[in-house]
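Subject: The two-chain model, handed over

Hi,

Here is the structure I promised to pass on to you. Please open it alongside this message, and I'll walk you through what turned up.

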2 protein chains.
Amino acid sequence: MSEITVKGSQAKESAKVLALLSTAEKNNALMKIAELLETKAEEILSENAVDLQKGKEKNISPSLLDRLSLSKERIKAMADGVREVVDLPDPIGVIKDTFHRPNGLVIEKIQVPLGVIGMIYEARPNVTVDASVLAFKTGNAIILRGSSSALNSNKAIVKVIHEALEEVGVPQNAVQLLEDTNHDSVTEFIRCNEYIDVLIPRGGKNLIENVLNNATVPVLKTGVGNCHVYIDKDAKPDMAKEIVINSKTHRPSVCNAAETLLLHKDYPYGEEIINALLEQGVILHVCEDTLKRYPDLKEKEGVQPATEEDWPTEYLDMEMAVKTVDSLEEALLHIDTYGTNHTECIVTENTDTAETFLKRVDAAAVNHNASTRFTDGFEYGFGAEIGISTQKTHARGPMGLPELTSYKFLVHGTGQIRK
Amino acid sequence: MSEITVKGSQAKESAKVLALLSTAEKNNALMKIAELLETKAEEILSENAVDLQKGKEKNISPSLLDRLSLSKERIKAMADGVREVVDLPDPIGVIKDTFHRPNGLVIEKIQVPLGVIGMIYEARPNVTVDASVLAFKTGNAIILRGSSSALNSNKAIVKVIHEALEEVGVPQNAVQLLEDTNHDSVTEFIRCNEYIDVLIPRGGKNLIENVLNNATVPVLKTGVGNCHVYIDKDAKPDMAKEIVINSKTHRPSVCNAAETLLLHKDYPYGEEIINALLEQGVILHVCEDTLKRYPDLKEKEGVQPATEEDWPTEYLDMEMAVKTVDSLEEALLHIDTYGTNHTECIVTENTDTAETFLKRVDAAAVNHNASTRFTDGFEYGFGAEIGISTQKTHARGPMGLPELTSYKFLVHGTGQIRK
C-alpha cells in the first residue's frame, strides 16, 4: 500500500471522530497546539536549520530561503495565529435553515465538515500550521503535501501537532504529512477520490495548473491574481495616486497586489501617477499610446515599452504594466481578457461609472476607491483564511472557516411516505 | 475552430449580457419559451418521431424509448414546468451579507451567476428545457450536450427556445446545443476551462465517472444513489413496512429509491416487511443470516442469496438487497462502506438512536421516519432542480436556482489604502 492509501484511509477514519467533537474539545486541542509550538520551538528550529542548510547547498533563491526560514518570533506568530482561530466562531453544527413542510416533515439544513482536505503547498512552513488548525477547527481531517525543501521543518511541526493532539486525546491522524515528495505521488494524491473530499493547492501558477489539469478530486482554486487598477477620467488625483501606489508596492509578492494600471485617456494626472511609481522603484512596462502622451517618459530609468506579453503577466514584484484606454468599455474589455477573476479596482468620483464597473467586472472582489490589497480574510473581518478562491463554485474570495464546510439535510418525519 | 470553441466563446459573450438582465426581462423570456413550446409542439413531435424511429431501428430498450418519447401532454408538462420557474424567486443580485469595517469600507456579498454551465445528459429531451430555463433564470448561459439518440428532438426544442429568445430580444447564444455527439468532443467539452465555468453531468454511472475522471472544469456531481433504509429494533411495525415499500417501489428507477434494507437482528417483524416487498413483486437478494432466521424464505419466488456484489449495487429496478445487522454500529459501518452519500433512512421510535444516526451518517439527506423518496427539490419546497448533488463542495442535495449561483464582494471605499 502506498503512503497515500495508508494515510488517506487513516484520515477518513479520523474525520468521523472529528466531525463529532464539540467546539470546546476542538478549542482545547488548539490551545495545546499553540502551547507546544512555543515550548518546543527549539526542536522545530533545529530541523528548520537542516532545511535551510540543504537549501543553501542547492543554491535556492534568497527570497525562497527567507520564506522557508523560521525564527522564535515567527513561531510565536504561528502560535498566536492558532489562538486567534480558537476565538473564531465554530460553524459546525449550525442550523442554517429549517423548512416545515405541509406533510409535517421538518427539514433542517445543518453545517458539517467537508471530510478530508488535501493541501498542496510550497515552501512556507507556517502554512503547515495555518492549514492544519483551520481544518481542525471545522472538524476536517487534513493531509498535507508540502515541498521537499521544507520537509524537515514540516515533519517537526506535525510532530508537535501530534503530541498536542495525543495529550488531549484526539486522533493524531487528523493531521498528516506526506513524506514522499516525488512527482508521481502528487498524481496519486490528487486522484485519490476514495479518501479525499477536496483539494486546496496553494503556490505558484505551475503548481496550481498541474493540480487543475490532473486532479479528479474537486479543487478549490486559489491564488493567481492578475489584478488591475483602473483610473477613470473622474478620479480624484491624490486618491488615485495613493491607491495605485498601495496596490502595487505595499506587498508586491502576493496575489492581491496590482499588476496593471489602466489610465483613462482623459484623466489629466496620469504622468504624476507614473512618476510616483518610478520614484518608488517600480519598473514600468508602458504601452505605446501612453509613451506618446508623455514623451519625457522614454528617457526615464525604469520605463520599458510594453509588449503583448505584459498584459497577462503576474509580476509579483516591483513591476507594473501601464496602458491608456479610451473608455470604461475598453477598460472592462481589457480586464475581461487578461484578468484572473481575483481583485479589480476602479478609482472614480462618478457613481454611475463606478456602478457599471462593479456590476460588470467578473471577479471575487470588485473595489471602488479602495486598494486591491484589501482582499484578505482579516481585512474583511472573517479572520484567518486558507486561501483566496478565484473560481466560482463552492467559495469565492477569502476562504475562512465557513468555506471549509459543507451541509446536509436532516429530515425529521413521523412516518411520511411519498404519494 | 471546433464547435465547442465557437459555441463556448459565444456562450461566454452572452453570459455577460444575461448577468445584467432584470428579473422581469428574464421572466418575460421564460413565458415566451413556455408559450412557443406549446404552439410549436407539432414541430417538436415530428422531430421526436425521427429519433424514436431511429431508436427502434437500433433496438434500444423499451424503457429508453419511453424516456425519449414526447407527447402533447409531456410538452404541456414541460411548458408548465417553465411557468413554475417564472414563479420562483430570482437569486441574482441579492445582497447576502454586508460588512462595515472599522476603516470605513463597506463590503457587500452579492449573488451573481456562475457564468457558463456545461450540461451533459442522456436521452430525456425534457432535460433540455429544464436545464435551459433554470440556467437562464439565474443569468447563466448553458451549453447542452445531449445524447445522439435524442439529437433531433433536442435540436427542435432548442430551435423553439431560440425563437422565443429572439422575439423578446435576448441573445440566442444563451442556450446552445452541441450537435457533434462523438466521444472526442466530450473530452474537449469537459476540459474547456476557457469558456465553461461548471459542468453538470446527469445520467448513468458511466457517464458521471467519465466526466469526473477526465474533466478539468469544476464538476457538480449528481445522481448516483445507493440508498439504505435501516429498520432499528425500536421501529414501529406499520411505519417500517410503509417506508420500506415506498422507498423501494414508489419509483424504482430514480436515484432516491432505496436499494438495500438493513434489519436490526432484534426487530421482530422483519419477515413481514420481506413478504410485503415480495408481494409487490420486488426481487430480493437476501444475506445468509436473514435466510437462517426466516427459513421459509428460501422456498419463495423472488428470493435469491445475496453476494458481496449486491451491497454496492444500485438496481434502479424492482430489486433490493436485504441484510440483518447486529447493531446500529454495524448499520452505520455498512452505510459508510457502500453508501454513495445520497439519502439514508432510519426507522425508529428511539430518539437517541435516531440522533446518533442523523449525526453520524455522511449523506446529502439523512431521514428519520421518512421515505428516501423525499430527496427532491419540490418535496423540500425549493422548486425545480437541475440534479441532486452527492458531493460536498459547492452544493449538496437538491440543486435549484440558488445552487446555480456564485457570489462576489463589492468593496465600497472612499480612498482607503492598506496600512
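Let me begin with how chain A is organised: its domain 1 covers 3-222 + 393-412, and its domain 2 covers 227-380. Between the C-alpha centres of domain 1 of chain A and domain 2 of chain A there are 35 Å. Four residues from domain 1 of chain A and six residues from domain 2 of chain A make up the contact. On the domain 1 side, that contact consists of one nonpolar, two polar and one charged residue. Please keep in mind throughout that this is a predicted model.

Now to the interface. Chain B puts 53 residues in contact with 52 residues of chain A. Several elements of chain B supply at least two residues each to this side, namely α9 (205-214), α10 (237-249), α14 (351-360), β13 (365-370) and β16 (405-416). The most comes from β16(B), which gives eleven residues. By type, the chain B side splits into 23 nonpolar, 20 polar and ten charged residues.

Strand pairing also crosses between the chains. Strand β13 (residues 365-370) of chain A runs parallel to β16(B), and five bridges join them. Within that pairing, Val366(A) sits opposite Leu410(B). Likewise, β16(A) and β13(B) run parallel and are joined by five bridges, with Asn367(B) as the bridge partner of Val411(A).

Why is β16(A) largely enclosed by the rest of the structure? Nine of its twelve residues are buried, so the strand has the rest of the structure around most of it.

On to the cores. As background, nonpolar side chains tend to be buried together in soluble globular proteins. The largest nonpolar core here has 126 residues, and the members that touch the most others are Ile33(A), Leu199(A), Ile231(B) and Val322(B). Leaving aside residues up to four places away in sequence, Ile33(A) touches Val82(A), Val133(A), Ile161(A) and Ala164(A). Another core lies apart from that one; it has 71 residues, including Ile4(B), Tyr121(B), Leu144(B) and Ile190(B).

Chain B also has an open sheet of four strands, in the order β5-β4-β3-β6, with parallel pairing. Its edge strands, each pairing on one side only, are β5 (175-177) and β6 (198-202). On average, neighbouring strands of the sheet are turned by 20° against each other, direction ignored. Inside it, β3 (residues 116-121) and β4 (residues 141-145) of chain B pair in parallel over five bridges, and Ile120(B) faces Arg145(B) in β4(B). Helix α7 (residues 151-168) of chain B packs on this sheet by touching β4 and β5, and its direction makes about 160° with that of β5(B).

Is Val85(B) buried or exposed? It counts as buried, because 24 C-beta neighbours fall inside 10 Å, and the cut-off for buried is 20 or more. Not counting residues up to four places away in sequence, Val85(B) touches Leu30(B), Val133(B), Leu134(B), Lys137(B) and Ala384(B). Leu105(B), by contrast, is 20 residues from Val85(B) in sequence and 37 Å from it in space, C-alpha to C-alpha.

Conventions: Residues numbered from 1 in each chain as written. Chains lettered and ligands numbered in written order. Predicted model: local features only at pLDDT ≥ 70, side-chain atom pairs only at ≥ 80, totals over all residues. Core = buried A, V, L, I, M, F, W, Y, C linked by C-beta atoms within 7 Å. Contact = placed C-beta atoms within 7 Å. Domains from an automatic or database assignment. Nonpolar A, V, L, I, M, F, W, Y, C, P; charged D, E, K, R; others polar. Pairing = 2+ DSSP bridges. Axes fitted to C-alpha atoms, helices over the stretch in contact; angles between N-to-C directions.
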